[in-house]
Amino acid sequence: MRRPSMKTRFLLSLSLFLGLLFSGLALAAPEDYAVLRETNAGHLAPRLRFIPTLRQSVVFTFGGFSKEAPLRDILDKLDEGGMRGTFFVSERELQRNAAHIDLIAGRGQELAIGLRGDEKADFYDFCAQIERIHAALKERYGVETNYVRLVAGPDSEALQEAVSAMGCVLFGQGLNIVQSKHKDAASSAEVMPDIFGKWSTSLHRGEVVYLRTDFYTNALLAGEMMMAVKRAKIDNIAYRAYDDSPETNPANDSAYRVEAAGDVFADTKNLWQYPIDKSRVPPELRPEYRPFVVDDANFEREFFRRYIGSPYVNESDRMTGFSREEMAKADKSGIVKSVTDNTIFLTFDDWGNDDSVNQILYVLRKHCVPGIFFIITWNMPNNPNLLRAIAADGHAIGSHTNQHKPMNRRDDTGKQAAVLSEEEYAADIRESFQRLSDTIGDMTVAGRHPLTRLMRPPTL
């Protein structure tokens, strides 16, 4: 039996599996779960660190609702900011803290299934727990959900298999705000530097954030942390100038929102599958495609046809595998000769966080200017939504290699020395293109493919 694609699984309602179980009838028996297990064929639900989406949203999720004061503070702050979150409710909390769950539901926030496990919990235990919580949420609040998170206990493949077999979506997180060493922290200023490193300047589009509301000794710290993260790592993603900000210019669409998982999944036109279905990638954009053959006889001719040179690269600063004579004859103008009109190409290198790249995208969009983005791909799989967003805005995508290793560097004697062998360098470029193809190879924007076979070598 062929399994649905990842995107199809994201869009599955409970009608596929849970509809058979949660239709108001008696709870399923172990033999019913065994049937689901056989149909599932051992598939393990992936833990979502981010939702593959182009929507400019960050998903806030919550657990731990034993204390009323921090929960009320968080709910008040969500209301004040027009924000929504997803609250993963455990069976124990439905029994012991029903008034707190009523409070969450009454504020219009999203309820989902929070699982607890121990070393003895098996596939059948998790299936039954999912079903019981789902039935309780439906009966008490009219909530239909297939969003699941482990809120207590050890992680296990039994959990992943049960979530998959039950047709649910398993949430992890890209950022866990709560760390055990901060339990007695006095303020967000004490916690924030430990959560975010020097280069974590913003959160990502579609990223899942997790916050346990009842963890801190300081009852108001959870809400304070939520707002500190929003101000420092989400609000900074928007483009803001003295005469142009989302608050003053209705056309400024650069801001990111804090939303519940269901809000993001409901925007189906912006959902996508990562990695993409490779059958949707045209042959010319697949890594194995070879449009021409290069050998020793035609290498120099093909190189000169395709090399757009830089004034800074000359025969004394050679690329791996090229002789001094070849580099002396290579183009150094930095001009695309085939363009005859007054055209300038804006190109952007490397990789960045959403704050820097999203602001560039807004300015280019505002002025109707396309660019070429040369991507370092080693870290890109942690934030593929950003690459997809660059391409969706109509910009061309090229490779800046995977590891950003220079072809050469000067040794202690001042001579050029290769950093990677030719085989290693070629493998690095192939890996880079594979990652780009796996993320945007299926895209067509305004009648053309954003993915190109352009490549800019690092440090040249």
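Where does Pro275 lie? Pro275 is in the loop between helix H11 (261–266) and H12. More on that residue in point 7; first, some ground rules.

1. **What you are looking at.** This is a predicted model: local features need pLDDT of at least 70, side-chain atom pairs count only at pLDDT 80 or more, and totals for chains, interfaces and linings use all residues. Residues are numbered from 1 along each chain as its sequence is written, and side-chain values use heavy atoms, with hydrogens and water left out. Helices (H or I, at least four residues) and strands (E, at least two) are DSSP runs, numbered from the N terminus.

2. **The sheet.** Have a look at the open sheet of 4 strands, which runs in the order E10-E11-E12-E15 with parallel pairing. E10 and E15 are the edge strands, each pairing on one side only. On average, neighbouring strands here are turned by 30° against each other, direction ignored. That angle comes from axes fitted as lines to C-alpha atoms (for helices over the stretch in contact), and angles run from 0 to 180 degrees between N-to-C directions. As for "pair", two strands do so if DSSP finds at least two bridges between them. Strands of a sheet pair through backbone hydrogen bonds, either parallel or antiparallel.

3. **E11 and its partners.** Strand E10 (residues 347–350) pairs with E11 in the parallel sense over 4 bridges. Thr347 stands opposite Ile372 in E11, and the bridge partner of Asp349 in E11 is Phe374. Between E10 and E11 the chain passes through helix H14 (residues 354–366), and this β-α-β crossover is right-handed. Right-handed means that, with the strands pointing away from the viewer, the path from the first strand over the helix to the second runs clockwise. On to the next strand: E11 and E12 (residues 396–399) pair in the parallel sense, over 4 bridges, and Phe374 has Gly398 as its bridge partner in E12. The chain gets from E11 to E12 through helix H15 (residues 384–392), in a β-α-β crossover that is right-handed.

4. **Which way the E11 side chains point.** In a regular strand the side chains alternate between the two faces of the sheet. In E11 (residues 372–375), Ile372 and Phe374 point one way, Phe373 and Ile375 the other, and all are buried. The cut-offs: buried means under 20% relative accessible area, exposed over 50%, partly exposed in between (1.4 Å probe, protein chains only). Why does Phe373 count as buried? Because its relative accessibility is 5%. Its C-alpha atom is separated by 5.0 Å from that of Ile397, 24 residues apart along the chain.

5. **The largest pocket.** Its volume is about 2400 Å³, and it is lined by 49 residues, of which Arg306, Tyr307, Arg453, Leu454 and Met455 lie nearest its centre. The elements giving two or more residues to the lining are helix H12 (299–306), E11, helix H16 (422–440) and strand E15 (451–455). By class, the lining has 28 nonpolar, 10 polar and 11 charged residues. For the record, a pocket is an open set of points on a 1 Å grid over the protein atoms alone where a 1.4 Å probe fits, with protein on both sides within 12 Å along at least five of seven lines; lining residues have an atom within 4 Å of a point. Grid points are joined across faces, edges and corners, and a volume is the space filled by probe spheres set on the points. Ala, Val, Leu, Ile, Met, Phe, Trp, Tyr, Cys and Pro count as nonpolar, Asp, Glu, Lys and Arg as charged, and the others, Gly among them, as polar.

6. **The second largest pocket.** This one has a volume of about 490 Å³. It is lined by 21 residues, and Ser200, His204, Asn353, Asn379 and Asn382 are the closest to its centre. The lining divides into 9 nonpolar, 9 polar and 3 charged residues.

7. **Backbone spots to check.** Back to Pro275: a cis peptide bond joins Tyr274 and Pro275, with omega about -10°. Ala41, in the loop between helix H3 (30–40) and strand E1 (47–48), has a phi near 55°, a positive value in a residue other than glycine. Ala41 is exposed, with a relative accessible area of 63%. Thr401, in the loop between E12 and strand E13 (408–410), also has a positive phi, near 75°, but Thr401 counts as buried at 1% relative accessibility.
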